[in-house]
Amino acid sequence: MILYLNEDRPYLHWVAHHRDGFVLDCGRPPHVGHGTLHRAVCPVIKQSKTKKTHWTTGRHMKACSLNREELEAWAAEQTKASLTICPDCLVEQPPAEEEPIHLTKTDREVLSFVLEVSALHLDDADSYYALNVGTAARCLGKTPGQLGASLRRLVADGLITLVGEPAADKAVPASCPLLPTAAALRTLPIYESAADEDVDAELAKLVDQLEG
């Protein structure tokens, strides 16, 4: 469990990167009648209606945890009372499971190739990452046009980025650079349990090589 007092940015970072977590919104100090349990995805505890929203300042504080029972136990100890459950984010119900992404054979080939090339360049800091649609097509024995539909699906599924992505009604040019997303990198064992900032740093390396 983490307590946030006068730490709005760290708090907002936590809820953004722990979507399966829970947030106890309470007074400072915690007291009976001012403690509501939310899911981390609840808009009530992360969206600002004014420039002076008090997430963790003023008389407000937040307690965050991936374990709901931990927050309930802490609140009971502090206030000697049970928590109010947020009616908007339905804490009582389990979070909906995300539907699995269904990839075609060509989708899988493109994604695997992008990840393989990316991993090779991340292992060599002095290398120059320059993967584009034309290179991927040649290596897979396809034309850029034949990869177009797969590239669009992979972008829509949040698995690759087409740098300077062309309009939906335009063909993807062979010169268009390709990058994996953080979600795609996490499918590699080495990044599966890595911190979000570490994965973002790896992606930044590829971008720097691409722009270098």
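A nonpolar core is a set of buried Ala, Val, Leu, Ile, Met, Phe, Trp, Tyr and Cys residues joined through side-chain atoms within 4.5 Å. Buried means under 20% relative accessible area, exposed means over 50%, and partly exposed lies in between (1.4 Å probe, protein chains only).

This is a predicted model, in which local features need pLDDT of at least 70, side-chain atom pairs count only at pLDDT 80 or more, and totals for chains, interfaces and linings use all residues. Residues are numbered from 1 along each chain as its sequence is written, and side-chain values use heavy atoms, with hydrogens and water left out.

**Confidence**

The predictor's confidence in each residue is called pLDDT and runs from 0 to 100. The chain has a mean pLDDT of 83. In all, 88% of its residues reach 70 or more. Helices (H or I, at least four residues) and strands (E, at least two) are DSSP runs, numbered from the N terminus. Confidence is highest in helix 4 (residues 133-139), at a mean of 95. It is lowest in strand 2 (residues 22-31), at 82.

**The cores**

The largest nonpolar core has 31 residues. Tyr129, Leu131, Leu151, Leu162 and Leu178 have the most contacts inside it. Elements giving two or more residues to this core include helix 3 (105-123), helix 5 (144-156), strand 6 (160-162) and helix 7 (196-211). Helix 3 gives the most, with 7 residues.

What does Leu162 touch, leaving aside its neighbours within four places in sequence? Leu162 is in contact (heavy atoms within 4.5 Å) with Val133, Leu151, Val155, Val172, Cys176, Pro177 and Leu178. A second, separate core has 12 residues, among them Val15, Cys42, Ile45 and Trp55.

His121 is found in helix 3. His121 is buried, at 17% relative accessible area. Beyond its neighbours within four places in sequence, His121 contacts Ser127, Tyr128, Tyr129, Leu206 and Gln209.

**Salt bridges**

A salt bridge is a side-chain nitrogen of Lys or Arg within 4 Å of a carboxyl oxygen of Asp or Glu. The count by this rule comes to 6.

Lys62 lies in strand 4 (residues 60-65) and Asp25 in strand 2, so the pair ties together parts 37 residues apart in sequence.

Lys105 and Glu109 both lie in helix 3, 4 residues apart, about one turn of the helix.

**Surface and loops**

Leu3 lies in strand 1 (residues 2-4). Leu3 is partly exposed, at 35%. Asn6 sits in the loop between strand 1 and helix 1 (8-17). Asn6 is exposed, at 51% relative accessible area. Asn6 has a positive phi of about 55°, although it is not a glycine.

Ser82 belongs to the loop between helix 2 (68-79) and strand 5 (84-85). Ser82 is exposed, at 72%.
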